[in-house]
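Please look at the sequence and the structure shown below, and keep both at hand while reading the report that follows.

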Amino acid sequence: MFLATQAKIQQAVREFAHERYNLEPNVIVNQPPRPAMGDMALPLAMELGRRVGKPPRQVAEELAAELRNIAGVAKVEVAGPGYVNVYLNRADYAAGLSVQREQATAESASKPSGKIIVEHTNINPNKAAHIGHLRNAALGDTLVRLLRSRGNSVEVQNYIDNTGVQVADVVVGFLYLEKKSAADVAALISNPSVRFDYYCWDLYASVSHFYEEDSTRVELRGRTLQEIEHGGNEASRVAETVAMAIVRYHLATMFRLNVEYDLLPRESEILHLKFWDQAFQLLRERGAIYFETEGKNKGCWVMRQEEGNREVETGITTETEPQAGAEDTKVIVRSNGTVTYVGKDIAYQLWKFGLLGKDFWYRPFQSYPDGRVLWVSATEPDSSTPPTFGRGEKVYNVIDVRQSYLQNIVAAGLRALGYEEQAVRSIHFSYEMVALSPRCCADMGIELSPEDRKRPYVEVSGRRGLGVKADDLVDRLIQEALREVQARHTEESPEFRQRIARQIAIGALRYFLLKYTCNAVIAFDFKEALNFEGETGPYVQYAVVRARNIFRKLEAEGGRFDAALVTPAVLDRFLAAPDGDPYWELLFLASKLEAVTEQAIITTEPAAVAKYAFQLAQSFNNFYHRFRILTEQDESRKAFLLWLVEIVDRQLTATLDLLGIEVPEAM
RNA sequence: GCGCCUGUAGCUCAGUCUGGAUAGAGCGUUGGUCUCCGGAACCAAAGGUCGGAGGUUCGAAUCCUCUCAGGCGCGCCA
C-alpha cells in the first residue's frame with residue numbers, strides 16, 4: 001500500500017514538473033520530522049524554484065494544489081522554506097492495507113524477468129564452519145528471501161571447492177601426519193562419538209605446524225593436490241570422503257539457521273567436465289587473454305585489466321620506470337600450463353549465465369523437510385530429472401570484501417569476452433569480515449601476540465585454528481535461551497521448551513549477524529551475541545508473541561474477533577487525528593514493509609530490514625503498553641484495536657520471515 | 001607505492017546512494033512505570049564542535065578537494 005501510494009504521488013509530481021516547467025526531476029519522498037507534519041514530505045519545490053527562478057514556496061503552492069486532486073490524499077500543506085507535506089486519507093489507506101499484502105508491482109526496480117542466481121556460503125570443506133561463515137550464509141539467505149518475497153525466481157548455489165589446497169592440507173594431515181589410510185578415515189567419519197568437522201578443525205591447524213617444523217613437507221601439499229585432481233588414488237579417495245562428510249556437517253549447521261540450498265556445484269565436476277578448457281578456448285578466440293612472451297609473466301596467458309585500479313597518468317610523470325607488463329595484467333594460465341583460481345571462477349561465472357556452452361550432470365543430494373530437493377553436480381547422467389540449473393539473468397556472489405579485486409577480474413573477463421550486460425549483472429555482494437574482540441579472545445583463553453593485543457580486533461583464521469565454531473556458538477545460545485525459557489515455563493514439556501529455546505537462539509543469532517551493515521567489521525563478542533534484550537531478535541519475536549497472546553486470551557475467554565465490525569466508518573472514526581494519531585503511526589509504519597524490502601534489495605543491505613523489524617516491534621510494544629484491548633468496553637473500538645494488532649502481527653511475522661527468524665509459540 | 005573501506009553519544013552502531021525541517025537507536029548510567037493482553041516490556045533524564053581543514057550550495061554527517069588516524073586488498077596461492 002505504501003509503495004503504490006508513493007508511486008502515485010511521485011507520478012503526479014513528475015507530471016506536474018513536466019507539464020508546468022518541462023523538467024524531469026528525480027522525485028524524492030521523505031518522511032516529515034514529526035508525524036503531525038504529514039505522512040510524506042516532498043522537498044522538490046526548493047530545487048524546482050531555483051531552477052525556474054521562482055520563490056520555492058510559490059512552486060510548492062502550485063504543486064500542493066495539484067496533489068490535492070489525487071484520490072487518497074486528504075490534505076496537502078506547504079511548510080518551512082517550501083516543503084510540500086502530504087496527509088493521506090487514513091481510512092482509505094487502512095482499508096487498502098487490510099485487503100492483502102502488496103505484491104511485486106510493475107515498477108518494482110528490483111525485478112528482472114529471468115532467474116536470479118545467488119551463490120553463498122562456499123565454505124572450504126576441510127573443517128567446521130565458524131562465525132565468519134555464518135555471516136556469509138545469513139546475508140546470502142536473507143537476500144534470497146528478500147528477492148523471493150518480491151516475486152523473483154531465485155536459485156541458491158553453494159559452491160564446493162572439494163579439490164583445493166585447503167582440502168589437500170587436511171588430506172596431508174591424515175596421510176602423512178597421522179598416517180591413516182582411506183579406510184581409517186572412513187571409520188573415523190562413521191564413528192558417532194567423533195565430531196568429524198571439529199576433528200578436522202584441529203587437524204588443519206596441526207598441519208600448519210607440520211609444515212612449519214620442516215619446510216620440505218610443503219611439497220607434500222603440491223603432490224597431494226595433483227593426486228586429488230588426477231583421481232583414482234588414495235589421496236583422492238580420502239579427499240572425496242572428507243570433503244563430502246564435511247559438506248554434510250556444513251549443511252546441517254546451516255539448516256539449524258534455517259538456510260537451504262538448491263544446488264551444490266563442485267570443483268571436481270568443473271575439473272572433470274573440462275569447463276576450463278571450454279572457457280580457455282572462448283577467451284583465446286575472442287582475444288580476451290594473450291600469451292606473454294617477455295617480462296616477468298613470460299610464458300603465461302594473461303588478461304589485461306582494461307580500467308583496473310590503476311590511476312590515469314597525468315602531465316608530470318614521475319620516473320619510476322613501469323615494470324614491463326606488470327601493473328595492469330593478471331595471470332590466468334601459469335607458465336606450467338595450469339589454470340589459476342580466478343580462471344576457474346570465470347568459467348563458473350560463464351556457466352551461471354548459460355554462456356559457457358557446457359553443463360553439469362546432476363543427481364539429488366538430499367531433501368529438506370519442506371520438500372525442497374538439494375542437487376549436486378555429477379560427471380555423468382543418472383535416472384533423475386533435474387530442473388534447469390544455471391542460465392541466470394542476474395548473479396549475486398556473496399563473498400567477503402577481501403575478494404573484491406578477484407571479483408572485479410571475473411567481471412572484467414566477461415567484458416573482455418563481449419558480455420557487457422552480464423558483467424553489469426554480476427554483482428559482488430560484498431561484506432566485511434567477522435573478527436574477534438580482544439575480550440572475546442580473553443574469554444576463550446586465546447593467547448595473543450603483543451602486536452595482536454594492540455589491535456581493535458583479531459582476524460579469524462582457520463589455518464591457525466583461531467575462531468568461534470558455528471555449532472559451539474549455536475549450542476551456547478540455545479543453552480542460554482533454555483535457561484530463560486525454563487524459568488518462565490516450568491510446566492511445559494522438555495520438547496516444547498527445547499523448541500522455543502532453539503527458535504529464540506536462532507532469532508538472536510541471525511538478528512545479530514544481520515543488524516550490522518555489510519561494510520562494518522563485526523568484532524565478535526559473546527556478551528553482545530548472547531544478549532536477548534534491546535535491539536535483538538528475541539525483542540522482535542517477543543512483540544509478535546505478545547500480539548498473538550491477545551488473540552489467544554480472547555479466545556480462551558470465549559470471545560472472537562469479528563473483522564466485519566471494522567467498517568470504513570469505524571476506521572474513519574478511530575484513525576482520525578488527533579486521537580487516532582498513535583494508531584495511525586503504528587499502522588503506517590507497518591505498511592512500509594514492501595518499501596523497506598525494495599530498498600534493501602536495491603542497496604544490497606539486509607540490515608535495513610533488521611532495523612525496520614526492530615522499529616516496528618518497538619512501536620508495537622509502546623502501543624501494547626499504552627492501550628488495554630481485551631478490557632475495552634466499546635465493542636467497535638475493541639474490534640478496531642484487534643484489527644490493528646492483527647495487521648502488525650502479519651507484517652512483523654513477514655518481516656521476521658525475511659530475516660529467517662521464526663516466531664515462537666510462547667516466550 | 002597504488003586501490004577500496006571506515007572514523008557520528010562513555011561503548012556498539014543507524015543515518016551518506018537520492019543534500020532539506022530540532023542528527024537517531026541499542027547497551028551502559030540515573031530516575032520512574034508494575035496484581036499485566038506474561039517485565040525478554042514501557043516512560044523519562046543526562047550524554048554529540050558528525051576525525052580535521054577548505055570548497056560547492058539558500059541549506060552539508062551526506063557532494064568535491066586536501067589532510068590525519070585505523071582496517072583490508074594489490075601472487076605463476078585459493
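In which loop is P578 found? P578 is found in the loop between α22 (568-575) and α23 (581-590), where helices (H or I, at least four residues) and strands (E, at least two) are DSSP runs, numbered from the N terminus.

## About the model

This is a predicted model, in which local features need pLDDT of at least 70 and side-chain atom pairs count only at pLDDT 80 or more, while totals for chains, interfaces and linings use all residues. Residues are numbered from 1 along each chain as its sequence is written, chains are lettered from A and ligands numbered from 1 in the order in which they are written, and side-chain values use heavy atoms, with hydrogens and water left out.

## Domains and the contact between two of them

Chain A is divided into domain 1 (2-88), domain 2 (116-148 + 262-308 + 325-431) and domain 3 (537-658); such bounds come from an automatic or database domain assignment. The C-alpha centres of domain 2 and domain 3 lie 44 Å apart. Seven residues from domain 2 and eight residues from domain 3 take part in the contact, a word that here means heavy atoms within 4.5 Å.

The size of an interface is often given as the accessible area lost when the parts come together. Between domain 2 and domain 3 the buried area is about 770 Å², and carbon and sulfur atoms give 76% of this; buried area is the accessible area (1.4 Å probe) that two parts lose on being put together, summed over both. On the side of domain 2, R145, L146 and F429 lose the most area to domain 3, and together they account for 63% of what that side buries.

## Salt bridges

A salt bridge is counted when a side-chain nitrogen of Lys or Arg is within 4 Å of a carboxyl oxygen of Asp or Glu, and the structure holds 40 of them. R145 in helix α5 and D657 in helix α26 (residues 635-658) form a pair that ties together parts 512 residues apart in sequence. The closest N and O atoms of R145 and D657 are 3.6 Å apart, and between domain 2 and domain 3 the count is one salt bridge. Helix α5 (residues 131-149) also gives the largest share of the side of domain 2 that touches domain 3, namely five residues. D657 counts as partly exposed, at 46% relative accessibility, given that buried means under 20% relative accessible area, exposed over 50%, and partly exposed in between (1.4 Å probe, protein chains only).

R150 forms a salt bridge with E598, and here the closest N and O atoms are 2.6 Å apart. Since R150 lies in the loop between α5 and β5 (154-157) and E598 in helix α24 (residues 593-602), the pair ties together parts that are 448 residues apart in sequence. R150 is buried, with a relative accessible area of 2%, and E598 is buried as well, with a relative accessible area of 7%. R256 forms a salt bridge with D475, with the closest N and O atoms 2.8 Å apart, and this pair links helix α10 to helix α18 across 219 residues. Salt bridges that share partners join R195, D197, R256, D471 and D475 into one network.

## An enclosed helix and a buried loop residue

Why is helix α6 (residues 165-177) described as largely enclosed by the rest of the structure? The reason is that 10 of its 13 residues are buried, among them Q166, D169 and F174. The buried residues of α6 pack against α7 (182-190), α8 (196-213), α9 (218-230) and α10 (234-256).

L466 lies in the loop between β15 (458-459) and α18 (470-488), and L466 is buried, with a relative accessible area of 6%. Leaving aside neighbours within four places in sequence, the contacts of L466 include W201, L436 and I446.

## Details of the backbone

A cis peptide bond joins A577 and P578, and its omega is about 0°. K179 has a positive phi of about 50° although K179 is not a glycine; K179 is found in the loop between α6 and α7 and is exposed, with a relative accessible area of 64%. N258, which is not a glycine either, has a positive phi of about 65°. N258 has its place in the loop between α10 and β6 (263-264) and is buried, with a relative accessible area of 17%.
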